[in-house]
Amino acid sequence: MKKKIKNILNKKRKSKIVSLTAYSKNIAEILDKYCDIVLVGDSMANVLYGHKDTHKISLQTIIQHTLSVKKGIKKSLLVVDMPKGSYSNKRLALKNARKIMNLTRCDAVKIESNNKNFSIIYELVKAKIPVMGHIGFTPQFQKKFKIQGDSINAINKLLKEALTIEKAGAFSIVLECLTPKASKLITNNLKIPTIGIGSSSNCDGQILVTDDILGVSGFYPKFVKKYANLEKIIDNAIKKFSKDVKTNRFPKNKNSF
Ligand code: KIV
């Protein structure tokens, strides 16, 4: 097992795992200083490309952004989302996961669970491709946002799903929008670390979309904490530039050759 993956596993019940998304080198370089895991998320479909969901982002686009992100990563574990449709059967999953790993030199891939695709995880792990699972609200498979694990029945179903993903060989698992009760039970019953998004502090680590916490994505669900309002800062800067150009205050001699 790769050392970086071992380090993540060793954090379980010892120290919290810090994760964020990146789609480009400059952001990745900053994240690398503070994050254990950097994810090239298919959320880029919404955040960067303005799509209404994550369904149409291509493997090629994900690879292209990962090549950029990789240039900014020295120490974090680099995980790449496999886009919808790229792992719908074992042969396709293996071909595409190998393509991502070989072309980008990332450390692992993430696949969303549809409560049926456990054998895909098993197949990838057997081929020595580290896999991060993802349960709860899974945007590739569910259209409508819904809190997950709000009944005993639903919690037990999620626990069974998480345990099966662990058994299939995943090294960690994202829990998206689970009730605190569900995330606690799953985190306590799994040997692998759970990474929460909107799933309370009961998880072994947390992940958020970087553009959301920087206030530049335009979409801020309840579970997001805005650590900056870049939209306001950018708006101000662009307004000043526009005014300077119109009033001939830019460029000055010092900005000219
Ligand atoms: O695509 C994404 O950004 C994700 C989240 C878990 C952050 O999958």
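Author: Two strands count as paired if DSSP finds at least two bridges between them, and both strands (E, at least two residues) and helices (H or I, at least four) are DSSP runs that are numbered from the N terminus. The model is predicted, so local features need pLDDT of at least 70 and side-chain atom pairs count only at pLDDT 80 or more, whereas totals for chains, interfaces and linings use all residues. Residues are numbered from 1 along each chain as its sequence is written, and side-chain values use heavy atoms, with hydrogens and water left out.

Reader: With that rule in hand, which residue in E7 is the bridge partner of Glu176?

Author: The partner of Glu176 is Ile197, and Val174 stands opposite Ile195 in E7. The chain crosses from E6 to E7 through helix H8 (residues 180-189), and this β-α-β crossover is right-handed, a word used if, with the strands pointing away from the viewer, the path from the first strand over the helix to the second runs clockwise. Strand E6 (residues 172-176) and strand E7 (residues 194-197) are paired in the parallel sense over four bridges. E7 also pairs with strand E8 (residues 205-208) in the parallel sense, over two bridges, and there Ile195 has Gly205 as its bridge partner in E8.

Reader: In which order do the strands close into a barrel?

Author: Eight strands close into the barrel in the order E1-E2-E3-E4-E5-E6-E7-E8, with parallel pairing. Neighbouring strands of this sheet are turned against each other by 25° on average, direction ignored; axes here are lines fitted to C-alpha atoms, for helices over the stretch in contact, and angles run from 0 to 180 degrees between N-to-C directions.

Reader: Where do the residues of E2 point, and are they buried or exposed?

Author: Buried means under 20% relative accessible area, exposed over 50% and partly exposed in between, with a 1.4 Å probe and protein chains only. From E2, Ile37 and Leu39 point one way and Val38 and Val40 the other, and all are buried. Val38 is the bridge partner of Leu20, and in E3 Val38 has Leu78 as its partner. E1 and E2 run parallel and are joined by three bridges, while four bridges join E2 to E3, also in parallel. Together, E1, H2 and E2 make a right-handed β-α-β unit.

Reader: Which residues of helix H2 are buried?

Author: An α-helix has 3.6 residues a turn, so residues three or four places apart point the same way. In H2 (residues 25-34), the buried residues are Ala28, Leu31 and Asp32. These residues lie on the same side of H2 because they cover an arc of only 110° around the axis, where the arc is that of the directions from the helix axis to the C-beta atoms. On the other side of H2, Asn26, Lys33 and Tyr34 are exposed. The buried residues of H2 pack against strand E1 (17-21), E2, H4 and helix H9 (210-213), contact being heavy atoms within 4.5 Å. Helix H4 (residues 59-70) in turn lies across strand E2 (37-40) and strand E3 (77-81), and runs at about 165° to E3.

Reader: How many aromatic pairs does a search of the whole structure find?

Author: The search finds two. Rings of Phe, Tyr and Trp (its six-membered ring) pair if their centres lie within 6.5 Å, and planes under 30 degrees apart count as stacked, over 60 as edge-to-face and the rest as tilted. One of the pairs is Phe137 with Phe145, which is edge-to-face at 5.2 Å centre to centre and 70° between the planes. Phe137 counts as buried because its relative accessibility is 10%, whereas Phe145, with a relative accessible area of 49%, is partly exposed.
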